[in-house]
Amino acid sequence: MIRKRVLVSGRVQGVYFRDTCRRVAEARGVAGWVRNLPDGRVEAVFEGGDEPVGALVTWAGEGPEWAQVTGVAVHDEPAEGITGFRIR
């Protein structure tokens with residue numbers, strides 16, 4: 001099990017980024033959470049197997065069709081064994 005913290009920049013708020021992220025994560029069995037930050041970025045934590053988490057990180061670099069992602073910072077973290085995926 002791995003855990004990645006992702007910070008996504010660009011036009012990523014107000015474009016259904018968080019809800020779409022939740023649906024994609026749940027479909028892939030990835031646990032974690034996603035939230036808007038005051039500076040306009042979106043922060044997400046993905047936890048699960050290598051392949052599904054990697055797919056979510058790749059998805060975050062594109063986002064939903066209305067998003068315009070200009071940057072993604074990915075940080076490795078120790079897995080915490082969380083379950084479910086929430087919008088914060």
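Let's start with Phe 17: leaving aside its neighbours within four places in sequence, Phe 17 is in contact with Val 8, Val 12, Val 42, Trp 59, Ala 60, Gly 63, Pro 64, Ala 67 and Val 69. Contact here means heavy atoms within 4.5 Å.

A quick word on where this comes from. This is a predicted model, where local features need pLDDT of at least 70 and side-chain atom pairs count only at pLDDT 80 or more, while totals for chains, interfaces and linings use all residues. Residues are numbered from 1 along each chain as its sequence is written, and side-chain values use heavy atoms, with hydrogens and water left out.

Now, the two helices. Helix α1 covers residues 17–28 and helix α2 covers residues 50–60; they pack at an angle of about 160 degrees, with their axes 10 Å apart. That angle makes α1 roughly antiparallel to α2. For the terms, helices (H or I, at least four residues) and strands (E, at least two) are DSSP runs, numbered from the N terminus. Axes are lines fitted to C-alpha atoms, for helices over the stretch in contact, and angles run from 0 to 180 degrees between N-to-C directions. Angles under 35 degrees count as roughly parallel, over 145 as roughly antiparallel, 65 to 115 as roughly perpendicular and the rest as oblique.

Which residues meet? From α1 we have Phe 17, Thr 20, Cys 21, Val 24, Ala 25 and Arg 28, and they meet Pro 52, Ala 55, Leu 56, Trp 59 and Ala 60 in α2.

Let's look at one of these, Thr 20, in helix α1. Is Thr 20 buried or exposed? Thr 20 counts as buried, because its relative accessibility is 13%; buried means under 20% relative accessible area, exposed over 50%, and partly exposed in between, using a 1.4 Å probe and protein chains only. Not counting residues up to four places away in sequence, Thr 20 touches Trp 59 and Pro 64.

Over in helix α2 we find Ala 60. Ala 60 is buried too, with a relative accessible area of 1%. Beyond residues up to four places away in sequence, Ala 60 touches Val 6, Val 8, Phe 17, Phe 46, Val 69 and Val 72.

Finally, the core. The largest nonpolar core has 19 residues, and Val 8, Phe 17, Cys 21, Phe 46 and Ala 60 touch the most other members. A nonpolar core is a set of buried Ala, Val, Leu, Ile, Met, Phe, Trp, Tyr and Cys residues joined through side-chain atoms within 4.5 Å. Helix α2 gives the most to this core, with 5 residues. Thanks, everyone!
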